[in-house]
Amino acid sequence: MVFKGEVEYDEGPPDNFDPQNPYADPVAFLEYREYLVREKWIGIETAKILKEKVKWCYRKEGVNHLQKCREIVRQYLDSTRGIGWGKDARPPYAHNPLPRICLPCSES
């Protein structure tokens with residue numbers, strides 16, 4: 001059996017998906033879910049590639065990595081914001097929050 005055609009993927013979400021009533025069209029719902037999963041995997045793999053570039057830059061530049069690798073590190077940190085499973089409902093500023101330090105009050 002020989003296939004002569006190529007597999008084509010849609011770049012965007014399905015046109016007939018209604019977010020207000022997602023279960024109205026089950027086919028559109030499944031296509032939208034596949035679209036979300038595909039976009040997540042693209043983001044994850046992009047972050048992995050940038051991580052390898054950061055590692056390579058750190059090894060190559062040695063002690064000067066703070067100046068020479070700054071732009072690659074920024075790209076990597078931007079690519080990891082909001083990436084991963086289960087982070088859809090959180091706003092972007094809450095994905096990697098800074099730890100809060102609680103110091104006791106010294107008003108005595």
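**Figure 1. Helices H1 and H3 cross with a left-handed sense.** A crossing is called left-handed if the near helix is turned anticlockwise from the far one by less than a right angle, and right-handed if clockwise. Please keep in mind that this is a predicted model, in which local features need pLDDT of at least 70 and side-chain atom pairs count only at pLDDT 80 or more, while totals for chains, interfaces and linings use all residues. Residues are numbered from 1 along each chain as its sequence is written, and side-chain values use heavy atoms, with hydrogens and water left out. Two packed helices are described by the angle between their axes and the distance between the axes. Here, the axes of H1 and H3 come within 9 Å and cross at roughly 155°. That angle makes H1 roughly antiparallel to H3; angles over 145 degrees count as roughly antiparallel, under 35 as roughly parallel, 65 to 115 as roughly perpendicular and the rest as oblique. The axes are lines fitted to C-alpha atoms, for helices over the stretch in contact, and angles run from 0 to 180 degrees between N-to-C directions.

Figure 2. Contact means heavy atoms within 4.5 Å. Sorted by class, the contact of H1 with H3 holds 8 nonpolar, 3 polar and 2 charged residues. Ala, Val, Leu, Ile, Met, Phe, Trp, Tyr, Cys and Pro count as nonpolar, Asp, Glu, Lys and Arg as charged, and the others, Gly among them, as polar.

**Figure 3. A disulfide joins Cys57 to Cys69.** The structure holds 1 disulfide, a term that stands for a pair of cysteine sulfur atoms within 2.5 Å; in this pair the S to S distance is 1.9 Å. The torsion about the S-S bond is about -95°, so the disulfide is left-handed. Cys57 lies in helix H1 (residues 26-61) and Cys69 in the loop between helix H2 (65-68) and helix H3 (70-80), so the bond ties together parts that are 12 residues apart in sequence. Cys57 is buried, at 5% relative accessible area, and Cys69 is buried too, at 1%. Buried means under 20% relative accessible area, exposed over 50% and partly exposed in between (1.4 Å probe, protein chains only).

**Figure 4. Tyr32 sits in helix H1.** With 26% relative accessibility, Tyr32 counts as partly exposed. Setting aside neighbours within four places in sequence, Tyr32 is in contact with Pro13, Pro14 and Phe17. Pro22 is 10 residues from Tyr32 in sequence, and their C-alpha atoms are 9.4 Å apart.

**Figure 5. Arg74 belongs to helix H3, and Arg81 to the segment after H3.** Arg74 is partly exposed at 46% relative accessible area. Its C-alpha atom is 9.9 Å from that of Leu50, which is 24 residues away along the chain. Arg81 is partly exposed at 42%. Between Arg81 and Ala47 there are 9.6 Å from C-alpha to C-alpha and a separation of 34 residues in sequence.

**Figure 6. The whole protein follows the pattern α-α-α along its sequence.** The secondary structure comes to 3 helices and 0 strands. Helices (H or I, at least four residues) and strands (E, at least two) are DSSP runs, numbered from the N terminus. Of the 108 residues in the protein, 15% are buried. Among contacts between residues at least 6 apart in sequence, 39% join residues at least 24 apart.
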